[in-house]
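Thanks for coming, everyone. I'll walk you through one model today. Have a look at the screen first.

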Amino acid sequence: MKQIKKITMFAMFISSMVFSQQSAATVITLDPLEDVIVSSDIFDWVWASPCSGGCSQLVDNWEYAGGLYDDALNAALGVSTWRFASLAELANIPARDLFIDGNKCAAQYFDNTYSHCDFNDPMVSSVNGGNQDTLLVRVNNLSLPAQVSEPTTVAIMLLGLGGLLMRRRTSA
(Lines give C-alpha, C1' and ligand atoms only; values in the text may rest on other atoms or scores of the structure.)
Protein backbone atom coordinates (compact mmCIF):
# COMPACT_ATOMS: atom_id res chain seq x y z
CA MET A 1 0.00 0.00 0.00
CA LYS A 2 2.85 2.39 0.81
CA GLN A 3 4.38 1.67 -2.60
CA ILE A 4 1.13 2.65 -4.37
CA LYS A 5 0.94 5.82 -2.28
CA LYS A 6 4.52 6.77 -3.25
CA ILE A 7 3.86 6.08 -6.93
CA THR A 8 0.64 8.10 -6.80
CA MET A 9 2.38 11.02 -5.10
CA PHE A 10 5.19 10.92 -7.66
CA ALA A 11 2.66 10.82 -10.54
CA MET A 12 0.78 13.77 -9.03
CA PHE A 13 4.02 15.72 -8.68
CA ILE A 14 5.07 15.03 -12.28
CA SER A 15 1.63 15.87 -13.65
CA SER A 16 1.53 19.10 -11.68
CA MET A 17 4.91 20.08 -13.15
CA VAL A 18 3.78 19.22 -16.67
CA PHE A 19 0.41 20.98 -16.45
CA SER A 20 1.59 24.01 -14.50
CA GLN A 21 2.99 25.65 -17.62
CA GLN A 22 0.62 28.28 -19.03
CA SER A 23 -1.09 27.06 -22.16
CA ALA A 24 -0.90 29.14 -25.33
CA ALA A 25 -4.54 28.34 -26.12
CA THR A 26 -6.04 31.64 -24.98
CA VAL A 27 -8.89 33.41 -26.71
CA ILE A 28 -7.61 36.19 -28.93
CA THR A 29 -9.84 39.25 -29.06
CA LEU A 30 -9.20 41.61 -31.95
CA ASP A 31 -9.80 45.32 -31.69
CA PRO A 32 -12.15 46.51 -34.47
CA LEU A 33 -10.14 49.72 -34.91
CA GLU A 34 -6.68 48.20 -34.55
CA ASP A 35 -5.52 49.59 -37.91
CA VAL A 36 -6.33 53.22 -37.02
CA ILE A 37 -5.22 53.36 -33.37
CA VAL A 38 -1.96 54.94 -32.27
CA SER A 39 -0.83 53.62 -28.89
CA SER A 40 1.35 55.71 -26.61
CA ASP A 41 2.24 54.69 -23.08
CA ILE A 42 -1.01 53.55 -21.45
CA PHE A 43 -3.26 55.35 -23.95
CA ASP A 44 -4.80 54.55 -27.33
CA TRP A 45 -5.51 57.55 -29.58
CA VAL A 46 -7.75 57.88 -32.64
CA TRP A 47 -8.06 60.77 -35.08
CA ALA A 48 -11.86 60.88 -34.85
CA SER A 49 -12.96 63.85 -36.96
CA PRO A 50 -11.63 66.49 -39.36
CA CYS A 51 -13.65 69.03 -37.38
CA SER A 52 -14.07 70.14 -33.82
CA GLY A 53 -17.75 70.65 -33.24
CA GLY A 54 -18.18 73.55 -35.68
CA CYS A 55 -18.53 71.71 -38.99
CA SER A 56 -19.68 68.24 -38.00
CA GLN A 57 -21.00 66.11 -35.16
CA LEU A 58 -19.80 62.88 -33.61
CA VAL A 59 -22.00 59.83 -34.14
CA ASP A 60 -24.45 58.70 -31.48
CA ASN A 61 -22.80 56.38 -28.99
CA TRP A 62 -19.38 57.75 -30.02
CA GLU A 63 -17.81 56.47 -26.80
CA TYR A 64 -18.29 53.00 -28.32
CA ALA A 65 -17.36 54.07 -31.90
CA GLY A 66 -21.00 54.10 -32.95
CA GLY A 67 -21.58 50.54 -31.72
CA LEU A 68 -18.34 48.80 -32.77
CA TYR A 69 -17.54 48.31 -29.08
CA ASP A 70 -19.57 47.30 -26.06
CA ASP A 71 -18.69 46.84 -22.41
CA ALA A 72 -17.95 43.12 -22.87
CA LEU A 73 -15.50 43.75 -25.74
CA ASN A 74 -13.83 46.60 -23.84
CA ALA A 75 -13.38 44.27 -20.86
CA ALA A 76 -11.91 41.54 -23.08
CA LEU A 77 -9.50 44.06 -24.63
CA GLY A 78 -8.65 45.63 -21.27
CA VAL A 79 -9.58 49.13 -22.44
CA SER A 80 -11.90 51.93 -21.35
CA THR A 81 -14.44 53.71 -23.54
CA TRP A 82 -13.32 56.46 -25.95
CA ARG A 83 -13.38 59.98 -24.46
CA PHE A 84 -11.95 63.45 -24.81
CA ALA A 85 -8.49 63.79 -23.27
CA SER A 86 -7.76 65.73 -20.10
CA LEU A 87 -5.33 68.65 -20.17
CA ALA A 88 -2.56 66.45 -18.73
CA GLU A 89 -3.16 63.82 -21.42
CA LEU A 90 -3.19 66.47 -24.18
CA ALA A 91 0.44 67.17 -23.32
CA ASN A 92 1.22 63.59 -24.42
CA ILE A 93 -0.61 63.42 -27.76
CA PRO A 94 1.43 61.18 -30.07
CA ALA A 95 3.38 62.79 -32.90
CA ARG A 96 1.31 63.71 -35.95
CA ASP A 97 3.60 61.57 -38.13
CA LEU A 98 2.39 58.41 -36.38
CA PHE A 99 -1.09 59.13 -37.76
CA ILE A 100 0.02 60.41 -41.17
CA ASP A 101 2.52 57.64 -42.02
CA GLY A 102 -0.03 54.89 -41.48
CA ASN A 103 -2.98 56.96 -42.73
CA LYS A 104 -4.60 56.27 -39.36
CA CYS A 105 -7.90 58.06 -39.75
CA ALA A 106 -10.93 56.84 -37.76
CA ALA A 107 -13.38 59.55 -38.87
CA GLN A 108 -15.58 57.05 -40.68
CA TYR A 109 -16.37 55.41 -37.33
CA PHE A 110 -16.86 58.56 -35.24
CA ASP A 111 -18.02 61.42 -37.52
CA ASN A 112 -21.55 61.82 -38.91
CA THR A 113 -20.47 63.79 -41.98
CA TYR A 114 -16.85 63.11 -42.89
CA SER A 115 -14.77 59.99 -43.40
CA HIS A 116 -11.40 61.71 -43.91
CA CYS A 117 -8.88 63.41 -41.66
CA ASP A 118 -7.12 66.72 -42.28
CA PHE A 119 -3.71 65.78 -40.95
CA ASN A 120 -2.42 69.35 -41.42
CA ASP A 121 -4.99 70.94 -39.09
CA PRO A 122 -4.17 71.48 -35.41
CA MET A 123 -4.91 68.45 -33.21
CA VAL A 124 -7.29 68.88 -30.26
CA SER A 125 -9.28 66.64 -28.00
CA SER A 126 -12.18 68.92 -27.13
CA VAL A 127 -15.17 70.28 -29.01
CA ASN A 128 -14.40 73.97 -29.38
CA GLY A 129 -15.17 74.83 -33.01
CA GLY A 130 -12.87 76.06 -35.75
CA ASN A 131 -10.58 74.15 -38.07
CA GLN A 132 -9.18 71.78 -35.52
CA ASP A 133 -9.40 68.02 -35.77
CA THR A 134 -10.76 65.91 -32.93
CA LEU A 135 -8.71 63.19 -31.29
CA LEU A 136 -10.15 60.76 -28.76
CA VAL A 137 -8.29 58.74 -26.15
CA ARG A 138 -8.86 55.64 -24.02
CA VAL A 139 -6.84 53.83 -21.35
CA ASN A 140 -5.41 50.59 -22.75
CA ASN A 141 -3.98 48.76 -19.77
CA LEU A 142 -6.93 48.07 -17.53
CA SER A 143 -6.15 45.03 -15.45
CA LEU A 144 -7.48 41.83 -16.92
CA PRO A 145 -8.63 38.99 -14.69
CA ALA A 146 -6.05 36.27 -14.21
CA GLN A 147 -6.59 33.56 -16.78
CA VAL A 148 -5.98 29.92 -15.95
CA SER A 149 -5.67 27.73 -18.98
CA GLU A 150 -7.94 24.73 -19.42
CA PRO A 151 -5.25 22.02 -19.04
CA THR A 152 -4.05 23.63 -15.81
CA THR A 153 -7.59 23.81 -14.47
CA VAL A 154 -8.16 20.13 -15.22
CA ALA A 155 -4.82 19.16 -13.67
CA ILE A 156 -5.57 21.08 -10.47
CA MET A 157 -9.00 19.48 -10.24
CA LEU A 158 -7.60 15.98 -10.78
CA LEU A 159 -4.87 16.52 -8.19
CA GLY A 160 -7.49 17.62 -5.67
CA LEU A 161 -9.68 14.60 -6.38
CA GLY A 162 -6.65 12.30 -6.16
CA GLY A 163 -5.76 13.78 -2.79
CA LEU A 164 -9.30 13.28 -1.51
CA LEU A 165 -9.29 9.65 -2.68
CA MET A 166 -5.94 8.98 -1.02
CA ARG A 167 -7.10 10.57 2.22
CA ARG A 168 -10.29 8.52 2.18
CA ARG A 169 -8.38 5.27 1.62
CA THR A 170 -5.89 5.91 4.42
CA SER A 171 -8.60 6.83 6.94
CA ALA A 172 -10.79 3.78 6.12
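Where is the place of Arg138? Arg138 sits in strand 4. A word on the source: this is a predicted model, where local features need pLDDT of at least 70, side-chain atom pairs count only at pLDDT 80 or more, and totals for chains, interfaces and linings use all residues. Residues are numbered from 1 along each chain as its sequence is written, and side-chain values use heavy atoms, with hydrogens and water left out.

Helices (H or I, at least four residues) and strands (E, at least two) are DSSP runs, numbered from the N terminus.

Back to Arg138. Is Arg138 buried or exposed? Arg138 is buried, at a relative accessible area of 1%. Buried means under 20% relative accessible area, exposed means over 50%, and partly exposed is in between (1.4 Å probe, protein chains only). The side chain of Arg138 makes a polar contact with the side chain of Asp31, at 2.3 Å. A polar contact is a pair of N or O atoms within 3.5 Å; within protein, one must be able to donate a hydrogen and the other to accept it, and residues adjacent in sequence count only if both atoms are side-chain atoms. Leaving out residues up to four places away in sequence, Arg138 touches several others, including Ile37, Phe43, Asp44, Tyr69 and Trp82. Contact here means heavy atoms within 4.5 Å.

Now the strands. Strand 4 covers residues 133–139, and six bridges join strand 2 to strand 4 in an antiparallel arrangement. Two strands pair if DSSP finds at least two bridges between them. Ser49 has Thr134 in strand 4 as its bridge partner. On to strand 1, residues 38–40: three bridges join strand 1 to strand 2, again antiparallel. Ser39 is partnered by Asp44 in strand 2. The hairpin of strand 1 and strand 2 has two residues between the strands, and there Asp41 takes a positive phi near 60 degrees.

Why call strand 2 largely enclosed by the rest of the structure? Because seven of the seven residues of strand 2 are buried.

Next, the rings. Rings of Phe, Tyr and Trp (its six-membered ring) pair if their centres lie within 6.5 Å; planes under 30 degrees apart count as stacked, over 60 as edge-to-face and the rest as tilted. How many aromatic pairs does the count come to? Five. Take Trp47 and Phe119: their ring centres are 5.0 Å apart and their planes at 75 degrees, so this pair is edge-to-face. Trp47 is in strand 2 and Phe119 is in the loop between helix 5 and strand 3, 72 residues apart. Trp47 is buried at 0%. Phe119 counts as buried too, at 12%. Trp62 and Phe84 have centres 4.9 Å apart and planes at 55 degrees, so that pair is tilted. Trp62 is buried at 17%, while Phe84 is partly exposed at 26%. Ring pairs also link Trp47, Phe99 and Phe119 into a cluster.

Last item, the cysteines. The count comes to one disulfide, taken as a pair of cysteine sulfur atoms within 2.5 Å. Cys105 and Cys117 form it, with sulfur atoms 2.1 Å apart. The link of Cys105 and Cys117 is right-handed, with 85 degrees about the S-S bond. Cys105 lies between helix 4 and helix 5, and Cys117 between helix 5 and strand 3, so the pair ties together parts twelve residues apart in sequence. Cys105 counts as buried at 11%, and Cys117 counts as buried at 11%.

That's my tour. Questions, please.
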